[in-house]
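Visitor: I am new to this structure and would like to learn how to read it, one feature at a time. Could we go through it together?

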Amino acid sequence: MRPVTVSTEVPYPPDRVHDFLEVMAHHDRFTDHYLTAWRYSGPSRGFAARATVTAALGGTRTDVGIEVINSEPPHRIVEHNVSAGGRRQAQGIYTIAPLPDGAGSRVSFTYTWLCAPLPERLLAPVVRAAMRRANHTVMRRLAAELARYEGEADGAGAT
């Protein structure tokens with residue numbers, strides 16, 4: 001199946017965006033519309049950070065194991081996902097690039113199926129459309145959560 005890529009632009013530099021995304025527990029804040037019941041293991045951030053979530057998409061629910069397999073601050077985070085009893089494996093890649101005018105970052109997320117159960121492959125256009133819609137919402141919510149996070153960080157140092 002062909003990958004699905006979505007993106008957004010945020011007014012924060014790549015290092016701040018990467019710092020936020022690298023913490024696995026932060027992902028619950030912007031994905032809980034379809035990924036719920038987050039359970040964490042391993043380090044809290046970066047390489048080998050892991051979570052198991054319940055994904056509800058397209059009328060089905062399944063547990064998904066997510067593990068960070070590569071983190072290249074401040075530009076890239078790669079996650080490996082396993083679900084459907086190992087029959088579905090995928091990579092989620094966050095790419096963070098500075099905007100040309102230096103006024104923030106472009107955050108892209110690419111979901112690539114490495115293998116998928118036969119029914120999903122047969123319904124690939126429908127599956128891809130559902131993932132694209134869900135991940136467009138993820139990007140919109142990520143931008144809002146980054147603003148909230150940056151506001152929390154600014155308020156923490158205020159006197």
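Predicted model: local features only at pLDDT ≥ 70, side-chain atom pairs only at ≥ 80, totals over all residues.

Visitor: Where does R87 lie, and which residues does R87 touch?

Guide: Helices (H or I, at least four residues) and strands (E, at least two) are DSSP runs, numbered from the N terminus, and R87 lies in the loop between β5 (76-83) and β6. Contact means heavy atoms within 4.5 Å; not counting residues up to four places away in sequence, R87 touches C115, A116 and P117. From C-alpha to C-alpha, R87 and L118 are 9.1 Å apart in space, although 31 residues separate them in sequence.

Visitor: How do I read the pairing of strands, and in which sense do β2 and β3 pair?

Guide: Two strands pair if DSSP finds at least two bridges between them. Strand β2 (residues 35-41) pairs with strand β3 (residues 50-57) in the antiparallel sense over 5 bridges, and the bridge partner of L35 in β3 is A55. Strand β3 is also joined to strand β4 (residues 60-72) by 8 bridges, and these two run antiparallel; here T52 has G65 in β4 as its bridge partner. The hairpin of β3 and β4 has 2 residues between the strands, and G58 takes a positive phi near 65° there.

Visitor: How many bridges join β4 to β5, and how many join β5 to β6?

Guide: Strands β4 and β5 pair in the antiparallel sense over 8 bridges, forming a hairpin with 3 residues between them, and S71 has I77 in β5 as its bridge partner. Strands β5 and β6 are joined by 8 bridges and run antiparallel, with N81 standing opposite A90 in β6. In the hairpin of β5 and β6 there are 4 residues between the strands, and A84 takes a positive phi near 55°.

Visitor: How is a pair of aromatic rings described?

Guide: A pair of aromatic rings is described by the distance of the centres and the angle of the planes. Rings of Phe, Tyr and Trp (its six-membered ring) pair if their centres lie within 6.5 Å, and planes under 30 degrees apart count as stacked, over 60 as edge-to-face and the rest as tilted. The structure holds 5 aromatic pairs. The rings of F20 and F30 have centres 6.1 Å apart and planes at 35°, so this pair is tilted. This pair links distant parts of the chain, with F20 in helix α1 (residues 14-21) and F30 in helix α2 (residues 28-31), 10 residues apart. F20 is buried, with a relative accessible area of 0%, and F30 is likewise buried at 0%. Another tilted pair is formed by Y94 and F109, at 4.6 Å centre to centre and 50° between the planes. F20, F30 and Y149 form one aromatic cluster.

Visitor: Which residues of the largest nonpolar core touch the most other members?

Guide: In soluble globular proteins, nonpolar side chains tend to be buried together. A nonpolar core is a set of buried Ala, Val, Leu, Ile, Met, Phe, Trp, Tyr and Cys residues joined through side-chain atoms within 4.5 Å. Of the 36 residues in the largest such core, V17, L21, Y94, V107, M139 and L142 touch the most other members. The largest share of this core, 8 residues, comes from α4. Leaving aside neighbours within four places in sequence, L142 is in contact with F20, L21, F30 and V107.

Visitor: Is Y34 buried or exposed, and where is Y34 found?

Guide: Y34 counts as buried at 10% relative accessibility, and is found in the loop between α2 and β2. The C-alpha atoms of Y34 and T54 are separated by 8.0 Å, with the two residues 20 apart along the chain.

Technical notes. Residues numbered from 1 in each chain as written. Heavy atoms only, no water. Buried < 20%, exposed > 50% of the residue type's maximum accessible area, 1.4 Å probe, protein only.
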